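Entries follow in the order I looked things up.

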Amino acid sequence: MTDSNDLELVELFQKGNETSFNELVRRYQEKVYWIARRFVNDHDHADDIVQEVFVKVYSALKLFRGESGFYTWLYRVTVNIALNVLRKQRIRDFIRIDEFFETADDVNDQPDAIFEKDEQQKLIEEAISKLPEKQKAVFILRYHEELSYEEIALILKTSVGGLKANYFHAAKKIGEYVSRAHRTY
Amino acid sequence: MHTEHIKYDLMDYITNRLSEQERIRVEQHLRKCSDCNNQYIELLATDIALKKNHDKVPTSIYYSTILPRVRERLGSHQQSIWHYGYGAAKIVLPIAVSVFLAVFLIRMPKESLSEAEQTEKLHQAVKDLNEDEVVQAVEREYAGLSLSPNQEVAAVGVAEHLQSGRFLKSAISKQIENEEVADMDIEAMISDLDGEQVDQVLSGLSERNIL
Ligand SMILES: [Zn+2]
């Protein structure tokens, strides 16, 4: 099973083999976790996203036709859910419907003690969180996940042209944000 | 080679992700261009700052809990639609409708349709929809899959279903895999938007005094 490629596992799963889903989760859980974590900068929220991604993947996998590779599709689901968490947060902040949701709490709220961060790290996370969505996604997928521009284009459903520029502007803004903050301290 | 192109390669140069040929091209350019050199120094500092970041890594025990919890959620989603109670859904659904309509309106081609005409078009579009199409569209949209033109129309139908309460009923009968029906509605609606469009939706909502 471990040697099967992703699409073989997907096919097995579609034929009713439940174990192949487990294998796909084990194979990608760490990647999915880190992509999520880069977006929300918080372990608990990243964990929520990981759960949501695999629950969604379980049902959506029946519709998956393998047009793109499995992991580009999986990462796309992850990026979409992570961006949705951030967007929902913005909409919630705006319309304040938090009181209707027991689980509602701020992304970027107090980190738990095990994941304590220093000032510099907070600054960098702040800089990344202020990037426009596309630059943020390109930066995370290129800098942290080390994906190729072709893979990033597939994940973000966009063309390759312009991604390098997105990456450059993202890195430049992060640098400017951090050095501006250092000057004002 | 134009400076723009070199500039855009600098991060990949710093992080060692260029081919030999590209690397040489960047180095040759850096020797003669002070502008790119300044960019290079700035980005180098950024890369160093980023690398100094030591992310606290979860233990392997954490990873071993993921699958059991996913399995648990997969086994228990049937009752989850009532998680927040019908009362909360009733309050939140009108907000969901508003968000949906705002999203729908900014997605429409701008060509000279008045708001009344747009609303009329929306009503037309959803008249003959069946619930299966609607449910499928929401599921696909939610899963980040692209929608066929038919499903786009079906997605529009969600607003109608929301308003009439039909959607809530069909969601229950179809047992869509979600925990927070109202929350998911908003999520499905905004999943294709970029940050700028979210801004538009928010300002659209406040202009209409919906909130
Ligand atoms: Zn230059």
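Does B:N16 count as buried or exposed? I looked up its relative accessibility: at 65%, B:N16 counts as exposed. My cut-offs are under 20% relative accessible area for buried, over 50% for exposed and partly exposed in between, with a 1.4 Å probe and protein chains only.

**Ground rules.** This is a predicted model, where local features need pLDDT of at least 70, side-chain atom pairs count only at pLDDT 80 or more, and totals for chains, interfaces and linings use all residues. Residues are numbered from 1 along each chain as its sequence is written, chains are lettered from A and ligands numbered from 1 in the order in which they are written, and side-chain values use heavy atoms, with hydrogens and water left out.

**Backbone.** I noted that B:N16 has a positive phi of about 65 degrees, though it is not a glycine. Most residues other than glycine have a negative phi. B:N16 sits in the loop between α1 (3-14) and α2 (20-32) of chain B. Helices are DSSP runs of H or I, at least four residues long; strands are runs of E, at least two; both are numbered from the N terminus. A:K157 also is not a glycine and has a positive phi, about 50 degrees. I found A:K157 in the loop between α7 (149-156) and α8 (163-184) of chain A. At 45% relative accessibility, A:K157 is partly exposed.

**Chains.** I counted 8 helices and 0 strands in chain A. Chain B has 11 helices and 0 strands. Of the 185 residues in chain A, 58% are buried. For the 211 residues of chain B, the buried share is 48%.

**Confidence.** Chain A averages a pLDDT of 85, and 84% of its residues score at least 70. pLDDT is the predictor's confidence in each residue, from 0 to 100. Over residues 96-109 of chain A, pLDDT stays under 50. I treat that stretch with care.

B:H29 and B:C36 are both buried.

**Salt bridges.** The criterion is a side-chain nitrogen of Lys or Arg within 4 Å of a carboxyl oxygen of Asp or Glu. A:E146 pairs with B:R17, with the closest N and O atoms 3.5 Å apart. This pair crosses between chains, from the loop between α6 (133-144) and α7 of chain A to the loop between α1 and α2 of chain B. A:E146 is exposed at 53% relative accessibility, while B:R17 is partly exposed at 22%.

Within chain B, B:E27 bridges to B:R23 at 3.1 Å between the closest N and O atoms. Both lie in helix α2, 4 residues apart, about one turn of the helix. In chain A, A:E119 meets A:K122 at 3.7 Å, N to O. They are 3 residues apart in helix α5 (residues 119-129), so about one helical turn separates them. I also logged a salt-bridge network linking A:D6, A:E23, A:R26 and A:R27.

Notes
Contact means heavy atoms within 4.5 Å.
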